[in-house]
Amino acid sequence: MTAAGGELTSGPDQAPRSSWALLPALCVSLSAVCWFWIESDPLGYAALGLGLIAAAVVDRAKGTRVLPDLALIGTSLAVISLISLKADISYPAILTFGIVLTSAVVIPYLGSRFLLKDHAIRFPWKGRRWNRAQWTYLIVVVVAGYVLLPYYFIASGVYRNWPAIHAPDELVRLFVGVNAVGIWDELFFICCVYTLLRRHFPTWQANALQAMIFVSFLWELGYQAWGPALTIPFALVQGAIFQFTKNLAYVVTVHLTFDLVVFLVLVHAHNPAWPHPFVLLG
């Protein structure tokens, strides 16, 4: 709903809105592009700093409260930027990933609940029973992943961004790592970043902003070459599904189903002589 002067009014459970807040939010999202896609720490910190300063100016001029939420997002992004996101399943890397990525979720959750005292971030595992459309979409994800992912990973060569896996313990670590990061993606990008942005922006803007961060993270993780053609729609759809269903269990199920195909493709790509389920590859 738009008021005079272009100001966006807030819902009953949302912070006051202003169209001017989009600029600082865009800067914060661009910091992720700089850190994880361009891989430039100076540009990342510059974009984040500019975004937070602009947020403070907007809050003061327009009576909004966008700075605290952007600061929570920005702090988590800065923490993530401290480590390399290159796929690595060594035990030290798994431990480092676990500590840093867990911190990235804990920071905005505790900040929202105890510092801002609005408890905006929640993890709604329970929801309504899945309807026919949800089951249909889940099947579509499986089929699309089965058809597209082998070609993407192998033809582009991006499977080499993941370490070669042959031994049983390597397979286990890869499987656990792929699924753990998949769950974390939904906890952070959807439940934290998207939720905080949605308090200030229309659904499509909040979703686009979180997708910028989501896709940048996946780029450094290894989804490169023409990977964004897959990850951009995936990030946008995941945000839209969460907005529609308010069911974290469903969006996690969709993500892990997709990641199961990713795991199987990576195993096959590194071990082409092993039996595999991808009949389209011959």
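A search of the whole structure finds zero disulfides, a disulfide being a pair of cysteine sulfur atoms within 2.5 Å. C191 is in no disulfide, and the nearest cysteine sulfur, which belongs to C192, is 6.6 Å away. C192 likewise is in no disulfide, with the sulfur of C191 as its nearest at 6.6 Å. C191 counts as buried because its relative accessibility is 0%, and C192 counts as buried at 1%; here buried means under 20% relative accessible area, exposed means over 50%, and partly exposed lies in between, with a 1.4 Å probe and protein chains only.

This is a predicted model, in which local features need pLDDT of at least 70 and side-chain atom pairs count only at pLDDT 80 or more, while totals for chains, interfaces and linings use all residues. Residues are numbered from 1 along each chain as its sequence is written, and side-chain values use heavy atoms, with hydrogens and water left out.

Turning to the rings, the structure holds 22 aromatic pairs. Rings of Phe, Tyr and Trp (its six-membered ring) pair if their centres lie within 6.5 Å, and planes under 30 degrees apart count as stacked, over 60 as edge-to-face and the rest as tilted. W37 and W219 form a stacked pair, 4.6 Å from centre to centre and with 15 degrees between the planes. This pair links distant parts of the chain, since W37 is in helix α1 (residues 22–38) and W219 in helix α7 (residues 203–221), 182 residues apart; helices (H or I, at least four residues) and strands (E, at least two) are DSSP runs, numbered from the N terminus. W37 is partly exposed at 30% relative accessibility, whereas W219 is buried at 16%.

How are the rings of W162 and Y223 arranged? Their centres are 5.2 Å apart and their planes stand at 85 degrees, so the pair is edge-to-face. W162 lies in the loop between α5 (132–156) and α6 (168–198), and Y223 in the loop between α7 and α8 (228–245), so the pair ties together parts that are 61 residues apart in sequence. Both W162 and Y223 are buried.

Finally, H255 is found in helix α9 (residues 248–270) and is buried, with a relative accessible area of 4%. The side chain of H255 makes a polar contact with the side chain of D185 at 3.4 Å; a polar contact is a pair of N or O atoms within 3.5 Å, where within protein one must be able to donate a hydrogen and the other to accept it, and residues adjacent in sequence count only if both atoms are side-chain atoms.
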